[in-house]
Amino acid sequence: MDSRNRIVVVGATSAIAEHCCRLWLQGAAAQLTLVARDAAKVERIAADLRVRSPASTIDVVTMDFLDTAAIRQLAQSSGAAGPIDIVLIAHGVLSVQATCESDLAACREALEVNAVSPALFAEAFAGELAKVGKGTICIIGSVAGDRGRKANYVYGSSKGLLSRYAEGMEHRFAGTGVRIVLAKPGPTDTPMAAALKAQGRRLASVEGVARDIVRAIAKGKPVVYAPWQWQWIMMIVRHLPRFVFNRLNI
Amino acid sequence: MRPVSSWGRLSAAPHDVVELTNRDSIARDIVGRGPGIAHGMGRSYGDSCLNPDGVLWTTTGLDRFIGFDQQTGRLTCESGVLLRDIQRLSIPRGWMLPVVPGTQLVTVGGAIANDVHGKNHHQTGTFGDHVLGLRLVRTDGEIVDCGPDLRSDWFAATVGGIGLTGLIAEAELQLRRTVGPWLEAETVAYSGLDEFFRLSDTSHPEWEHTVSWIDCTSTGELRGLFMRAKPAAGIDRPLPADRRIAMPLTPPFSLVNRLTLRPLNSFYYGLGKWRTGRQIVPYQPFLYPLDGILDWNRMYGPLGFFQYQCVVPERDAVREMLDAISRSGEGSVLAVLKTFGGQRPSGLLSFPMPGVTLALDFRNHARTAFLFERLDAIVSAAGGRLYLAKDARMKRPMFEAAYPRLAEFAAFRDPGMSSAMSRRLMGS
């Protein structure tokens, strides 16, 4: 019996996911399945991880992230190969709010990629984890999901859907060995946030955010803000009364 | 646009920062965007990695390994990989980088572009001597694969070429077998330059790493600490945890100043003298003393600092420079002396030459400008040169006289690559 952790990473080309993988392999060899849309990009990451951890097995799957049959098929074949220890669902795009407001196709795409697709992956893998009664699913949400704001509510509401979804799944699996972890990173220094960085926004380091997420997964912590300060910032933002909040330009 | 500084923190001009993350699309990402310059960890002290109000292509997102052959020690990686990450990966597998500078927080691309050297230069030469090949992406979209045996003219121009021949995208490095992460180190307190040269000459065959710290405030007989180390085999103990402190903020004035200079130097000397003798130490604190305190460059305050590193072929010039510094009342707590080996470096603009290198930090202050002029005159008269990775102020004639292969280099320049340094020293 292979004692290595079995980990499935959906959206493996996301910078946060890539750094989570590096951290896992730094700790111990693992059996890793990287799921992505862009074949060339994920192959580069797989090659890097193979150099970092020659004792690990790293497989690559490329697929359409909205193809329900393919999602089900991926979850089933992963589950059939043995119990899955960790599923990390990390994909997303930082949509441009103004574009989404004027172009409904862009709006739909943002909602699908950021909300529908991760939820479908979570649902499919939850079924597999339920069969064996153990394993952890981590969904990467965002602090933006905590309260809708005019600056990015298309992205924010997608991440908000994932919050509710994770909450429901946590309820569903309460008392079993299956853990649901919802990670809520603040703005992080990744290629996705390049536009924010150009505006001079302070961004958290991707290594630090990944470290927080990997730690939360190991502990099975239901919700983790990364960095942790966001927990308090968002608590205040969530509780601001409307007459104050609606005057803020955020 | 956002402000970017180099390690010396002398300026913080706005730059149009473009982050490269995909090694297969670099040509697409840089064509028609320039002129710009590649920027890794920004550990160059001066202006070689800056392009005020222009484009900077940052390479720290190009941090993936491509392949590693455990039998031969050949490692291929993207140019933004840190030397630290290579060491972490390779040392447990019995390999390590043959050449490392005083900090491991630099990128492979930066190490090549500055053709960096380390405390073992007398045995292993420069970083470029261990590069088996590299991929250069030019701003016209051309991709040049080169190495010591493949388009070697391009290779010689790019090693030490401070990023001006194109963007280094990938490199293949030859690592060296290692017996482990431990060094047998010895510190010897000495006085007088003659003693330094004697220690240097007698240590070089036996000791892989040699370097000396000097108290540049000492009046009369010079005092210093000579540090040497060689790999220690068969040490089976756990490495101590990475324990690092950081300079949390920039003080409003330089902590190194006329009042503190002497006490700091005396303290450092006393500490070193107390620790003289042989001991077994992990490789990090010996090879990377600069990584002991994160953001240590902040201690020079908001105005930043200059690093003056020169090499001179003859020993008397060192004496003259130390005299000049001592008389000026300015000085440095990080004054370092090292004798280079006799190898001819790989690059057309590589810094090392047979002789002695002296490196010092100076706060950015009106008085230091005069001292630099004096030091320049001594270096030039002795036929020496300044290190481009450290320089922020050398004048063009001095550069042209000190780097005789500059004319050969010009033919390989990428017109779309330009830095504050290239405009200062080469006119474009």
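This is a predicted model: local features need pLDDT of at least 70, side-chain atom pairs count only at pLDDT 80 or more; totals for chains, interfaces and linings use all residues.
Residues are numbered from 1 along each chain as its sequence is written, with chains lettered from A and ligands numbered from 1 in the order in which they are written.

Chain B contains 13 helices and 21 strands, assigned as DSSP runs (H or I, at least four residues, for helices; E, at least two, for strands) and numbered from the N terminus. The radius of gyration, taken over C-alpha atoms, is 21 Å for chain B, close to the 22 Å given by the globule rule (2.2 Å times the number of residues to the power 0.38) for 428 residues; the chain is therefore as compact as a globular protein of that length. Its C-alpha atoms fill a box of roughly 60 × 50 × 40 Å along the principal axes. Of the 428 residues, 49% count as buried, a class requiring 20 or more other C-beta atoms within 10 Å of the residue's own; exposed residues have 12 or fewer, partly exposed ones lie in between, and C-beta atoms are placed from the backbone. Contacts are defined by C-beta atoms, placed from the backbone, within 7 Å. Among contacts in chain B with a separation of 6 or more, 74% involve residues 24 or more positions apart.

An open sheet of eight strands in chain B has the order β16-β12-β14-β13-β19-β20-β18-β21, with antiparallel pairing; strands are taken to pair if DSSP finds at least two bridges between them. The edges are formed by β16 (277–282) and β21 (385–386) of chain B, each with a single partner strand, so one side of each lacks a neighbour in the sheet.

Strand β14 (residues 223–231) of chain B pairs with β12 (residues 182–191) of chain B over nine antiparallel bridges. Along this pairing, B:Val188 stands opposite B:Phe226 and B:Ala189 opposite B:Leu225. Six bridges join β14(B) to β13(B), also in the antiparallel sense, and B:Leu225 is the bridge partner of B:Trp213. Seven of the nine residues of β14(B) are buried, so the strand is largely enclosed by the rest of the structure.

Helix α6 (residues 193–203) of chain B packs on the sheet, touching β12, β13 (209–214), β14 and β19 (336–339) of chain B. Its direction makes about 155° with that of β12(B), where axes are lines fitted to C-alpha atoms, for helices over the stretch in contact, and angles run from 0 to 180 degrees between N-to-C directions. B:Phe196, B:Ser200 and B:Ser203 are buried in α6(B). The buried residues fall within an arc of 80° about the helix axis, so they line one face of α6(B); the arc is that of the directions from the axis to the C-beta atoms. On the other side of α6(B), B:Asp194, B:Asp201 and B:Thr202 are exposed.

Eight antiparallel bridges join β18(B) to β20(B), with B:Gln309 opposite B:Ala359. Two bridges link β18(B) to β21(B), where B:Arg385 is the bridge partner of B:Val311. Seven of the eight residues of β18(B) are buried, so this strand is largely enclosed by the rest of the structure.

At the interface, 12 residues of chain B are in contact with 12 residues of chain A. Strand β5 (residues 65–69) of chain B supplies the largest share of the chain B side, four residues.

Note on methods
Two residues are in contact if their C-beta atoms, placed from the backbone, lie within 7 Å.
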